[in-house]
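Here are my notes on the model, as numbered points. Please read them beside the sequence and the coordinates.

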Amino acid sequence: MELRDESKVRLCAKLFVSFLKIGPTTFGGGYAILPVIDREVTEYRKWLSPKEMSEITALSGAAPGGIGVNVAALAGYRIAGIPGLLSAVAGISLPTILIMLILCVAASGFSGNRYVQAALHGIKPTVVALIVYAAIRMKKQALHNAVTWGVAVTCLLLLLFFPVQPLLVLVIGIIIGLVAEAVFSSRDANANKEQGKHRSM
């Protein structure tokens, strides 16, 4: 029992350190951090599979709050339960809080500095690149048939050209997913019945 507790403590410490390193990269928005978390958790640490990470990312995007913290919370919970959740959230939040405090203190004196503005202009396109990279990595797990492609394209068009709330788009995706699952399950059941009839004949 003590050995298990010690291993859990070590795992939580590793989670805290990993997300502590990831935390500063949240500059530019939560979506920019997704490729970094994915690489750390699935490729370097091998705590989770790419499929598990894709599911966590989808749930985190649907939940309220910052997606980076949501992903950290769900990943930490999946890896080490409640202690893992607390360790991951503490690790990913601490650098951001400290950086924001420093930026708030310095904002009044450097907000008009042309070098600071130039740096911010350079960061913006890199954030776009990180978001696109995260979307491409998720595509491998999320878009695997005509239905999922149809849902993605439909929701993208709704968001781009209509004043639709993101929550409504998520609800549409959930409904389509449930309907598709019911249809495919019904088809599989009918196919199995037909095979059973042919075998009995």
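1. Glutamate 40 counts as buried, at 12% relative accessibility. The cut-offs are: buried, under 20% relative accessible area; exposed, over 50%; partly exposed, in between (1.4 Å probe, protein chains only). The side chain of glutamate 40 meets that of arginine 45 in a salt bridge, 3.3 Å from N to O. Arginine 45 is partly exposed, with a relative accessible area of 26%.

2. The model is predicted: local features need pLDDT of at least 70, side-chain atom pairs count only at pLDDT 80 or more, and totals for chains, interfaces and linings use all residues. Residues are numbered from 1 along each chain as its sequence is written, and side-chain values use heavy atoms, with hydrogens and water left out.

3. Confidence is given as pLDDT (the predictor's confidence in each residue, from 0 to 100). The protein chain averages 79, and 84% of the residues score at least 70. Helix α2 (residues 34-44) has the highest mean, at 87, and helix α7 (residues 166-200) the lowest, at 72. Helices are DSSP runs (H or I, at least four residues), numbered from the N terminus.

4. How many salt bridges does a search of the whole structure find? It finds 2. The criterion is a side-chain nitrogen of Lys or Arg within 4 Å of a carboxyl oxygen of Asp or Glu. Side chains of opposite charge can pair when their charged atoms come close.

5. Glutamate 52 and arginine 78 also meet through their side chains in a salt bridge, at 3.3 Å, N to O. Glutamate 52 lies in helix α3 and arginine 78 in helix α4 (residues 67-110), so the pair ties together parts that are 26 residues apart in sequence. Both count as partly exposed: glutamate 52 at 25% relative accessibility, arginine 78 at 37%.

6. The length of α3 checks out. Its 13 residues should span 18 Å at 1.5 Å a residue, and the end C-alpha atoms are 19 Å apart, which agrees. The expected span is 1.5 Å times one less than the number of residues.

7. Which residues of α3 are buried? They are Met53, Ser54, Ile56, Thr57 and Ser60. Seen down the axis of α3, they fall within an arc of 165°, so they line one face of the helix. The arc is that of the directions from the helix axis to the C-beta atoms. On the other side of α3, Lys51 and Leu59 are exposed.

8. Glutamate 55 is found in helix α3 (residues 50-62). Glutamate 55 is partly exposed, with a relative accessible area of 37%.

Conventions. Helix = DSSP H or I, 4+ residues; strand = E, 2+ residues; numbered from the N terminus.
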